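I opened my notebook to look up a few residues and the ligand, one after another. The entries follow the order in which I looked.

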Amino acid sequence: MDVNAAVAAVAAIAGLCTGVIAMLAFRWSERDQARPTRSSMRPDINAVLPPGVDTVLSVLRSSAVVLDEADAVVKASSAAYALGLVRGGKLAVEPMLHMARDTRRDGEIRQVELDLPRRGTGRGEALAVSARVAPLGSRLVLLLVEDLTEARRIEAVRRDFVANVSHELKTPVGALSLLSEAVMDASDDPEAVMRFAGRMQIEATRLTNLVQELIDLSRVQNDDPLEDAEPVRVDTLVAEAIDRCRHTAQSKHITMAAGGTADLRVWGNRSQLAAALGNLVENAVNYSPARTRVGIAGRRVSGPGGDLIEIAVTDQGIGIPEKDRERIFERFYRVDPARSRATGGTGLGLAIVKHVAASHGGEVTVWSSEGQGSTFTLRLPEAAATRTTAADSESVPATTPAPEVLP
Ligand code: ADP
């Protein structure tokens with residue numbers, strides 16, 4: 001194989017993406033004239049491929065399939081098999097096969113987007129793929145297939161989110177607009193003005209909470225919590241969370257009790273951890289009837305990658321139906337939207353908790369029994385077991401084992 005031919009082959013694959021492959025394919029077709037017939041080369045399939053193609057295909061992200069003039073697969077990447085494009089030495093997707101034949105006939109590059117049924121059960125989300133076909137020399141055809149399923153899913157989630165945010169914002173803004181009209185109409189009735197103004201305040205607070213939670217959510221999604229991570233005392237987080245809900249709890253005669261192991265430390269972003277635990281305690285108070293108890297307790301447990309700290313928030317509240325338990329961590333999902341609205345809920349609290357837990361290398365789980373109560377458990381890596389800074393080692397009491405410093 002000469003160097004020029006190899007360069008031409010490599011460039012042609014790149015050109016497939018940029019639309020210049022047609023020109024390069026011409027050079028291969030010249031080489032192909034001088035080659036022995038395909039059947040004589042069958043045992044060594046790489047010999048049929050223009051030089052360098054094999055290497056380039058192996059580094060491409062797309063699934064690649066090379067077909068010969070009899071539609072037999074001469075080369076296919078493992079991703080092509082995984083996607084179910086190739087079965088029994090044949091290209092298994094009819095529309096792609098037709099496209100390959102057309103391209104072999106007229107040398108035109110073709111592209112199409114297709115939804116393919118999943119292999120096996122035939123159930124579940126279809127595979128969304130983009131397929132591009134180009135001639136590879138005079139006899140071969142190259143098919144590159146990109147799996148767009150994940151990109152499509154993310155796009156759908158984004159669209160849903162924007163639609164949900166718009167809807168959530170519209171409600172308090174619409175209410176404010178109506179209430180301001182009511183105030184103007186009632187300008188000579190001071191009592192009515194006071195009543196409407198009070199309701200305006202409630203709607204304005206709702207709007208502020210929603211915007212604040214959207215900012216929090218965007219922060220926890222965009223910021224890397226471990227960039228400015230530090231050892232954070234669980235006792236302080238618990239005290240802050242209790243403080244945040246003290247007023248609501250008092251008005252409902254709910255007792256809040258902190259317990260468990262003292263002096264635990266988790267590793268992470270202080271404000272994100274405070275927001276997460278605060279949301280769990282706030283929910284426990286909001287979804288509990290009067291004269292009940294909310295307990296918050298931390299303890300150390302062994303995990304597969306070292307010690308973990310578990311912070312459990314337990315309430316004696318309304319509980320969560322089994323069918324909703326999986327979904328409550330989704331953005332804007334509420335079991336009872338009317339009740340959530342009444343408590344000033346935004347439907348974003350648990351989505352924030354879940355994100356904070358995951359980005360700290362932990363998790364949040366829920367146990368619940370309808371009418372009896374719920375326990376949300378936040379599991380986070382322990383500070384001493386992960387890493388430390390000079391400042392931290394000063395603040396760790398002498399009895400704490402020397403923290404392990406990871407590279
Ligand atoms: P919200 O702002 O509506 O409270 P969250 O994301 O914090 O939103 O919670 C989602 C939903 O999960 C709530 O609307 C509520 O239905 C349910 N939920 C959360 N925590 C509890 C709890 N401790 N007890 C009962 N239901 C809860």
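**Entry 1: T346**

I looked up T346 and found it in the loop between helix 12 (337–342) and helix 13, where helices (H or I, at least four residues) and strands (E, at least two) are DSSP runs numbered from the N terminus. I note that this is a predicted model, in which local features need pLDDT of at least 70 and side-chain atom pairs count only at pLDDT 80 or more, while totals for chains, interfaces and linings use all residues. Residues are numbered from 1 along each chain as its sequence is written, and side-chain values use heavy atoms, with hydrogens and water left out.

Is T346 buried or exposed? T346 counts as buried because its relative accessibility is 7%; buried means under 20% relative accessible area, exposed over 50%, and partly exposed in between, with a 1.4 Å probe and protein chains only.

I then listed the contacts of T346. Its side chain makes a polar contact with the side chain of E213 at 2.5 Å, and the side chain of T346 also reaches the backbone nitrogen of L348 at 3.2 Å. A polar contact is a pair of N or O atoms within 3.5 Å; within protein, one must be able to donate a hydrogen and the other to accept it, and residues adjacent in sequence count only if both atoms are side-chain atoms.

**Entry 2: the ligand**

How many residues surround the ligand? I found 20, and T346 is among the closest, together with N283, Y287, S340 and G347; a residue is near a molecule if one of its heavy atoms lies within 4 Å of it. The shell residues divide into ten nonpolar, eight polar and two charged, where Ala, Val, Leu, Ile, Met, Phe, Trp, Tyr, Cys and Pro count as nonpolar, Asp, Glu, Lys and Arg as charged, and the others, Gly among them, as polar.

I noted that an oxygen atom of the ligand is 2.7 Å from an N or O atom in the side chain of Y287. For V335, a backbone N or O atom lies 3.1 Å from a ligand oxygen atom, and for L350 the corresponding distance from a backbone N or O atom to an oxygen atom of the ligand is 2.8 Å. Helix 10 (270–286), helix 13 (349–359) and strand 14 (373–381) are the elements that give two or more residues to the shell around the ligand.

**Entry 3: D224**

I found D224 in the loop between helix 8 and strand 8. D224 is partly exposed, with a relative accessible area of 39%, and its side chain reaches the backbone nitrogen of L226 at 3.0 Å.
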